[in-house]
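This report goes through one protein chain, from its overall surface down to single residues. Keep the structure in view while reading.

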Amino acid sequence: MNGKFSLPVVKAIDLIWTSFNREEIHRGYAMLMQAAQQGDADALCFIARCFMGDQYVWSGAGFATDDENASMLMQKSAVMGSAAGVLCCVRSGNFTPTVERDMPFASFKEAFEEIREQADRGNAFCCYLIGNVYFWGDYLMVEPELAKTFKNERAYYAFAYPLARDYFERSFRGRVCAGWGNYCDIMDSGLGDIKKSTFETYYRALAEISPVICGNYGVYIERETGNYELANAYYTKAMQRFDMQATFNLGCSYEKGEGVEKDLDSAFQLFEIAAIGGHPGAQWAVGYYYFEGWGNTEIDYAKAADWFTKGYNNPKDDKKMDCAAYLAVCYQDGLGVVQDDDLAFGYLKDVEYNLEAISHDSIVGIALNALGVAYAYGRGTRQDIESGIEYLESAVKLGNNEAKENLEQLESCKLSEVNSGKSAAIQDSLFSKTDRNNRKTDGNGSPESTSH
């Protein structure tokens, strides 16, 4: 309840949320720690934000997400009198009845007004916080009676978005980029009265500050103008500042030959950098290159399985089902891993109910073929020949040649032999590693790793 942030907190905020430089960010964090040790409640609030994931702080800063610790620190900051802590508690789901009772503010409105006063005096981060209050509807906690005047959600947004827009734009002019995603949503809604020229002016300016926005601006240029060369220039600039999404996007450009000469080896190198950096699409792509021997990458099933596992377990799970499909094949056929029908079917069960989440029909075909084999021969599950045939037929419709061969072998076998377990020769054929070196996903070409 000091009315404004202390100078160390102001400086730390600037370093952490405008520098996009890991060394400078950690220098700012050290300043927050020192201020917190001296009883600065606002410092606790911003320390908490560092541990709340990439929605709250740049992922390149290297802070590990720790929701439990972040919640404890955020609540403590509010109880100790941080108005920013109160606003952040509401936004992050930490505004418990205990916090509301123990905080020194009479109401959420009192904390809001303290931050708004700082925003109106020019504090860019406070402008961002106030913009968020309007954007997310938290302003109805400031003026509860106002809710009765809106017929629906859209009516509230028509009121609040122009106010949020103004505060976000003021934060941008102070180099705080955190509200950009919300500003884009306001633009898309059509309720903020944002001119395209104004939108693009801020986009270009923030792209020079934030590597994340820089990469996203490349996507925007690509989509709006089709200027792949310029888009790649922004991907390259963001990649040089360690943005993994931009690195992946540049890999996609090399893979497709968009704005650059097609070069699968360069694509692989970029995917590998992004994969090591934790990008789920890149982890899938590296696994695929190793599995199929794409470009000049030598087939290495063990490395493929390792990268598919990383992609499957990635918390962002953008390529979870694609990875599951290939992991099922790896375990079903013993490619790069110890053959294990039970593990294979575990991945197949994931895929079976999420086929729509797979990015490419050729991969759906691979999954359906593996499901057909599992059900037809009871591998990892109870034998169900009818379901096995249905899955194999579906895979054939998607052009999967292995499924066609498996279906022919299955249909040539007498049903009594299959039921009595006398079809060992055919099971051996299905179990064997087919000529995957020449398969290349049934000749359909590399499934697009992901869209930019």
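The accessible surface of the protein chain comes to about 20,400 Å², and carbon and sulfur atoms account for 48% of that area. The model is a predicted one, and the values given here are computed from it. Along the principal axes, the C-alpha atoms fill a box of roughly 85 × 50 × 45 Å. The chain has 452 residues, and 52% of them are buried. Its secondary structure consists of 25 helices and zero strands.

**The largest pocket**

The largest pocket has a volume of about 1,400 Å³. Its lining is made of 42 residues, and those closest to the centre are Asp54, Gln55, Val57, Ser59 and Val212. By residue class, the lining divides into 22 nonpolar, 13 polar and seven charged residues. Several helices, among them H1 (7–18), H5 (83–92) and H11 (180–189), supply at least two residues each to this lining. Helices H13 (211–225) and H15 (244–256) also supply at least two each. Which helix gives the most to the lining? That is H8, with five residues; this helix covers residues 124–136.

**An aromatic pair**

The structure holds 56 aromatic pairs. One of them is formed by Tyr203 and Tyr220, with 5.2 Å from centre to centre and 45 degrees between the planes, so the pair is classed as tilted. Tyr203 is in helix H12 (residues 196–207) and Tyr220 is in helix H13, so the pair links parts of the chain 17 residues apart. Are these two residues buried or exposed? Tyr203 has a relative accessible area of 7%, which means that it is buried. Tyr220 is buried as well, at 8%.

The relative accessibility of Val219 is 17%, and it counts as buried because the cut-off is under 20%. The C-alpha atoms of Val219 and Ile299 are separated by 32 Å, and these residues are 80 residues apart along the chain.

Val364 lies in helix H21 (residues 361–377) and counts as buried at 11% relative accessibility. Leaving aside neighbours within four places in sequence, Val364 is in contact with Leu355, Ile358 and Leu398.

Most residues other than glycine have a negative phi. Asp193 has a phi near 55 degrees, a positive value in a residue that is not glycine. Phe242, also not a glycine, has a positive phi of about 70 degrees. Where in the chain is Asp193 placed? Asp193 sits in the loop between H11 and H12, whereas Phe242 sits in the loop between helix H14 (228–239) and H15. Asp193 is exposed because its relative accessible area of 67% is over 50%. Phe242 is exposed for a like reason, with a relative accessible area of 62%.

The table lists the relative accessible areas of the residues discussed.

| Residue | Relative accessible area | Class |
|---|---|---|
| Tyr203 | 7% | buried |
| Tyr220 | 8% | buried |
| Val364 | 11% | buried |
| Val219 | 17% | buried |
| Phe242 | 62% | exposed |
| Asp193 | 67% | exposed |

Technical notes:
Residues are numbered from 1 along each chain as its sequence is written. This is a predicted model: local features need pLDDT of at least 70, side-chain atom pairs count only at pLDDT 80 or more; totals for chains, interfaces and linings use all residues. Side-chain values use heavy atoms; hydrogens and water are left out. On a 1 Å grid over the protein atoms alone, a cavity is a set of points where a 1.4 Å probe fits but cannot get out, and a pocket is an open set with protein on both sides within 12 Å along at least five of seven lines; lining residues have an atom within 4 Å of a point. Grid points are joined across faces, edges and corners, and a volume is the space filled by probe spheres set on the points. Helices (H or I, at least four residues) and strands (E, at least two) are DSSP runs, numbered from the N terminus. Ala, Val, Leu, Ile, Met, Phe, Trp, Tyr, Cys and Pro count as nonpolar, Asp, Glu, Lys and Arg as charged, and the others, Gly among them, as polar. Buried means under 20% relative accessible area, exposed over 50%, partly exposed in between (1.4 Å probe, protein chains only). Accessible areas come from the Shrake-Rupley method with a 1.4 Å probe; for residues, only the protein chains shown count as cover. Rings of Phe, Tyr and Trp (its six-membered ring) pair if their centres lie within 6.5 Å; planes under 30 degrees apart count as stacked, over 60 as edge-to-face and the rest as tilted. Contact means heavy atoms within 4.5 Å.
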